[in-house]
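Subject: Structure for you to look at

Hello,

Here is the structure I said I would pass on. Please open it alongside this message and follow the notes below.

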Amino acid sequence: MSTPDPIDAYLRELRRQLRAPRGPRRRILAEVRTHLLEATEAEQRGNNEQPGAAERALARFGRASDTARQFNRLARHRRRVLRRALLPWAAAVMLLMTSLATATVWASHPGTTMRSHTHMPEHHLQSRHCTKHPAIVAHKCPAR
Amino acid sequence: MLLAVLSDGPLHGYGVTEELRRRSGGEFDLAEGTIYPALHRLESSGLLVSRWEVVAGRRRRVYALSNSGRRAVEDRRTSWQMFRSAVDAVFAGEALEAG
């Protein structure tokens, strides 16, 4: 059965209102299309193929805006859950990278004592202005 | 209720709405579009699994209970039976035995 025009129009509107990545959006549209086609066929069987079967099937399905709103709410919930799950890992990775960067600075500046875990770029350590960064316990200020 | 409908075997979305309407004698005649977000949510929760099937040349997404979903159906059936017994007893003016 080719897709009737009212169902095509519905799917276009649903696609416009869905806020989902491409893959999930395609799956949603495919499922809804199949449903509406089967519902239309059922209406045709039940009403001796009187006109308006697609419209009746759409009325039973509900408005595209309502369907999209429920899917969009679900997508927002999934993103929140994913962010909460990833946050501890992201913090751990940042801490690890900071520690590695600090260790790299120590290794490349053996005469420098640093108490902080913050990475000081080389140009700062060699600065002629010799700012006493609170994180640096002792460093050699170049002569002006 | 969607989990209960699927406890007898896999169904696609349209099949779920028809089975729900049939079992309830038309009492549960939901806007059919509400089924799909609910099915997706249940799948995200691990209670359902789904796959594509081709039937009569048409692709349909078929849902089935996962092992967790089967346990959830049993738990909810038990809870509902206890609740229903308690309500029936109240309406009948009887006292249920505790526990």
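A residue is called buried when its relative accessible area is under 20%, exposed when it is over 50%, and partly exposed in between (1.4 Å probe, protein chains only). By that scale B:Arg23 is partly exposed, because its relative accessible area is 38%.

Some ground rules. This is a predicted model, in which local features need pLDDT of at least 70 and side-chain atom pairs count only at pLDDT 80 or more, while totals for chains, interfaces and linings use all residues. Residues are numbered from 1 along each chain as its sequence is written, chains are lettered from A and ligands numbered from 1 in the order in which they are written, and side-chain values use heavy atoms, with hydrogens and water left out.

The two chains

Helices (H or I, at least four residues) and strands (E, at least two) are DSSP runs, numbered from the N terminus. Chain A has 5 helices and 2 strands, in the order α-α-α-α-β-α-β from the N terminus. Chain A has 144 residues, and 33% of them count as buried.

Chain B has 4 helices and 3 strands, and its pattern along the sequence is α-β-α-α-β-β-α. Of its 99 residues, 38% are buried. Chain B exposes about 6100 Å², and 53% of that comes from carbon and sulfur atoms.

B:Ala56 sits in the loop between strand E2 (48–55) and strand E3 (58–65) of chain B. B:Ala56 counts as exposed because its relative accessibility is 84%.

Where the chains meet

Contact means heavy atoms within 4.5 Å. By that rule, 19 residues of chain A are in contact with 24 residues of chain B. The size of an interface is often given as the accessible area lost when the parts come together. Here the buried area (the accessible area, 1.4 Å probe, that two parts lose on being put together, summed over both) is about 2000 Å², 51% of it on carbon and sulfur atoms.

A polar contact is a pair of N or O atoms within 3.5 Å; within protein, one must be able to donate a hydrogen and the other to accept it, and residues adjacent in sequence count only if both atoms are side-chain atoms. Across the interface, 14 residue pairs are in polar contact, both residues being at pLDDT 80 or more. On the side of chain A that touches chain B, helix H2 (22–46), helix H3 (53–61) and helix H4 (64–108) each supply at least two residues. H2(A) gives the largest share, 11 residues.

Salt bridges

A salt bridge is a side-chain nitrogen of Lys or Arg within 4 Å of a carboxyl oxygen of Asp or Glu. Over all chains there are 16 salt bridges, and the count between chain A and chain B is 4.

Which residue of chain B does A:Arg27 form a salt bridge with? The partner is B:Glu43, and the closest N and O atoms are 2.8 Å apart. A:Arg27 lies in helix H2 of chain A and is buried, since its relative accessible area is 19%. Its side chain also makes a polar contact of 2.9 Å with the side chain of B:Tyr63.

A:Arg27 has a salt bridge with A:Glu31 as well, with the closest N and O atoms 3.0 Å apart. The two are separated by about one helical turn because they are 4 residues apart in helix H2 of chain A. A:Glu31 is buried, with a relative accessible area of 4%. The side chain of A:Glu31 makes a polar contact of 2.7 Å with that of B:His40.

Within chain B, B:Arg23 and B:Glu19 form a salt bridge (3.0 Å, N to O). Both are in helix H2 of chain B, 4 residues apart, about one turn of the helix. One network, joined by salt bridges that share partners, takes in A:Arg60, B:Glu18, B:Arg21 and B:Glu32.

Regards

Methods. Accessible areas come from the Shrake-Rupley method with a 1.4 Å probe; for residues, only the protein chains shown count as cover.
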